[in-house]
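Student: Can we go through this one together? I'd like to talk about charged pairs, pockets and surface patches.

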Amino acid sequence: AGIYIFVERLLSYKKADKDPQQFLDKIKEMVLEGDLNGARLLCTQTDTPVARVIEKGLSRIGSPIKNIEAAIENVGKIEVYKLEKNLAGMATVSGGAPMLGFLGTVTGMIQAFIAIAQQEGTVSPKLLSGGIYEAMVTTAAGLIVGIPAYMMYNYLIARVQKITHKMEYASVEFLDLLQETK
């Protein structure tokens, strides 16, 4: 599950994480020339969160700046929500796998102590080995799944933050452009 989420999000972020500067320069040029329809068309043809944020701002031109800013902010929140899709699942895998491993540790130790309690006289190491074996295998399995999932989760969070920063930067650039054209 963790690998599926990681690959799916990675592909999604690759598509969303295009450098917006060339796009923003083209939008600025079109807006300054008064070609708002061309700018909107460019936004619809560019499948990135930045383009969708700018498109919403373009659709609100003529409204007060505060309304444009609010519309951009709302679309930005929706785009961040889309970027964060399935990250809770990855967090669950990264936190849950070690916990399941530790649960196996506890059940393995319970099994070992039950064997001790049922044995009369001296206890042989062979009697304990089954429970201890279960405990060690489940702990290792939980950590083998949990540690990479945790690292993948943190990597994905960093990618979301990077894309979010680009959206914020583009929004500020666009709002500054609108201030210049007044």
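**Salt bridges, pockets and a patch**

Tutor: Let's start with a pair: Arg 9 and Glu 8 make a salt bridge, their closest N and O atoms lying 2.8 Å apart. The term means a side-chain nitrogen of Lys or Arg within 4 Å of a carboxyl oxygen of Asp or Glu. Keep in mind that this is a predicted model, where local features need pLDDT of at least 70 and side-chain atom pairs count only at pLDDT 80 or more, while totals for chains, interfaces and linings use all residues. Residues are numbered from 1 along each chain as its sequence is written, and side-chain values use heavy atoms, with hydrogens and water left out.

Student: Is Arg 9 buried or exposed?

Tutor: Arg 9 is buried, at a relative accessible area of 3%. Buried is under 20% relative accessible area, exposed is over 50%, and partly exposed is in between (1.4 Å probe, protein chains only).

Student: How many salt bridges are there by that rule?

Tutor: The count is 10.

Student: What does Lys 162 pair with?

Tutor: Lys 162 bridges to Asp 17, with 3.4 Å between the closest N and O atoms. That pair ties together distant parts of the chain, 145 residues apart: Lys 162 sits in helix H7 (residues 125–180), and Asp 17 in the loop between helix H1 (2–16) and helix H2 (21–33). Helices here are DSSP runs (H or I, at least four residues; strands are E, at least two), numbered from the N terminus. Asp 17 is buried at 13%, whereas Lys 162 is partly exposed at 43%.

Student: And Arg 52, what's its partner?

Tutor: Asp 47, with the closest N and O atoms 2.6 Å apart. Arg 52 is partly exposed at 25%, and Asp 47 is partly exposed at 40%. Salt bridges with shared partners join Lys 15, Asp 47, Arg 52, Glu 79 and Lys 82 into one network.

Student: Which residues are closest to its centre?

Tutor: Of the 13 lining residues, those are Ile 72, Glu 73, Gly 76, Glu 168 and Ser 171. Helix H5 (65–83) and H7 are the elements giving two or more residues to that lining.

Student: What lines the second largest pocket?

Tutor: Its lining includes Arg 9, Lys 15, Asp 47, Arg 52, Glu 79 and Lys 82. H1 gives the most, with 4 residues. The pocket holds about 180 Å³ of space.

Student: Last topic: which residues form the nonpolar patch on the surface?

Tutor: Met 99, Phe 102, Leu 143, Ile 147, Tyr 150 and Met 151, with about 640 Å² of accessible area together. Patch members have over 30% relative accessible area and no salt bridge; nonpolar side chains (Val, Leu, Ile, Met, Phe, Trp, Tyr) are joined within 5 Å, like charges within 9 Å. Areas come from the Shrake-Rupley method with a 1.4 Å probe, and for residues only the protein chains shown count as cover. H7 gives the largest share, 4 residues.

Student: Where is Tyr 150?

Tutor: In helix H7, and Tyr 150 is partly exposed at 49%.

Conventions:
1 Å grid on protein atoms, 1.4 Å probe; cavity = no way out; pocket = protein on both sides within 12 Å on 5 of 7 lines; lining within 4 Å. Points joined across faces, edges and corners; volume = space filled by probe spheres on them.
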